[in-house]
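Me: I would like to learn how to read a structure like this one. Could we go through it feature by feature?

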Amino acid sequence: YGLYDYLRNSIQQLELPQRKAALIVPAFETLHYRLTFPKSKAELLSMLDMGSLYTFRYHVWPKGHAPTDYAKWRTATVPYRVAWQPDFEPYVVVRQDCPRYDQRFVGFGWNKVSHIMELDAQEYELLVLPNAFMIHMPHAPSFDISKFRLSAGYRGCLQTLREEFHQDLSRRYGAAALKYLTAERSL
């Protein structure tokens, strides 16, 4: 409730049209198919404390959203900056002229990760909005995630695409892109 207006106001207040920033909308999830959507951050925090909501994918892929720093978000009243970390894939609001998603990554795997990596390589600030949130509702697994889980060939192709992406980042951003390759190899 009110997210659209809050985002529009945040874009103006943070002067997003004049700066390279990605506004992060913290993500949560429920395991319930029916949910009374919280009307405020206070309601969401109450639902989180009661266990009817969780931070997004904390139980299956914590690296994807952990850099959002949910503990800090709980009490934040102003946007705060977070640092890129490997496999970070937040939901973001960015300027229209930002780098596009890399079209190599269709289906399941690495579309959001590669996009955030490219934003970081271009020195975008990653700013978490203190009063924004979204809730992922449960649904059946997608066809592509099923292929990813069941097919070694699919996973191998994705790995090849990731390696190509790293090489392209190195060509475009030089030594600054080494941190992404180093992070990948240390996983």
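This is a predicted model: local features need pLDDT of at least 70, side-chain atom pairs count only at pLDDT 80 or more; totals for chains, interfaces and linings use all residues.

Me: Let us begin with the inside. Which residues of the largest nonpolar core touch the most other members?

Reply: The largest nonpolar core has 35 residues, and F28, W73, M117 and L126 are the ones that touch the most other members. Several elements give two or more residues to this core: the strands β1 (21–25), β2 (27–29), β4 (80–82) and β6 (125–128), and the helices α2 (41–50), α3 (70–75), α4 (111–121) and α6 (152–173). The greatest contribution, five residues, is from α4.

Me: What does L126 touch, leaving aside residues up to four places away in sequence?

Reply: L126 is in contact with A22, I24, Y80, R81, V82, A83, W84, F88 and I116. There is also another core, apart from the largest one, with eleven residues. Among them are L14, L127, L129 and A132.

Me: Now the helix α4. How many of its residues are buried?

Reply: A general point about helices comes first. An α-helix has 3.6 residues a turn, so residues three or four places apart point the same way. In this case, α4 is mostly covered, with ten of its eleven residues buried. The buried ones are K112, V113, S114, H115, I116, M117, E118, L119, D120 and A121. After α4 comes E123, which has a positive phi, near 65°.

Me: Next, the charged residues. How many salt bridges are there?

Reply: The general idea is that side chains of opposite charge can pair when their charged atoms come close. Here the count comes to 14 salt bridges. One of these joins E29 and R57, with the closest N and O atoms 2.6 Å apart. E29 is in strand β2 and R57 is in the loop between β3 (54–55) and α3, so the pair links parts of the chain 28 residues apart.

Me: Which residue pairs with D49?

Reply: D49 forms a salt bridge with R74, and the closest N and O atoms are 2.7 Å apart. D49 belongs to helix α2 and R74 to helix α3, 25 residues apart. At 55% relative accessibility D49 counts as exposed, while R74, at 31%, is partly exposed.

Me: Where do D120 and K179 lie?

Reply: The side chains of D120 and K179 meet in a salt bridge, 2.8 Å from N to O. D120 is in helix α4 and K179 in helix α7 (residues 178–186), so this pair ties together parts that are 59 residues apart in sequence. D120 counts as buried, at 14% relative accessibility, and K179 is partly exposed, at 41%.

Key. Residues are numbered from 1 along each chain as its sequence is written. Side-chain values use heavy atoms; hydrogens and water are left out. A nonpolar core is a set of buried Ala, Val, Leu, Ile, Met, Phe, Trp, Tyr and Cys residues joined through side-chain atoms within 4.5 Å. Buried means under 20% relative accessible area, exposed over 50%, partly exposed in between (1.4 Å probe, protein chains only). Helices (H or I, at least four residues) and strands (E, at least two) are DSSP runs, numbered from the N terminus. Contact means heavy atoms within 4.5 Å. A salt bridge is a side-chain nitrogen of Lys or Arg within 4 Å of a carboxyl oxygen of Asp or Glu.
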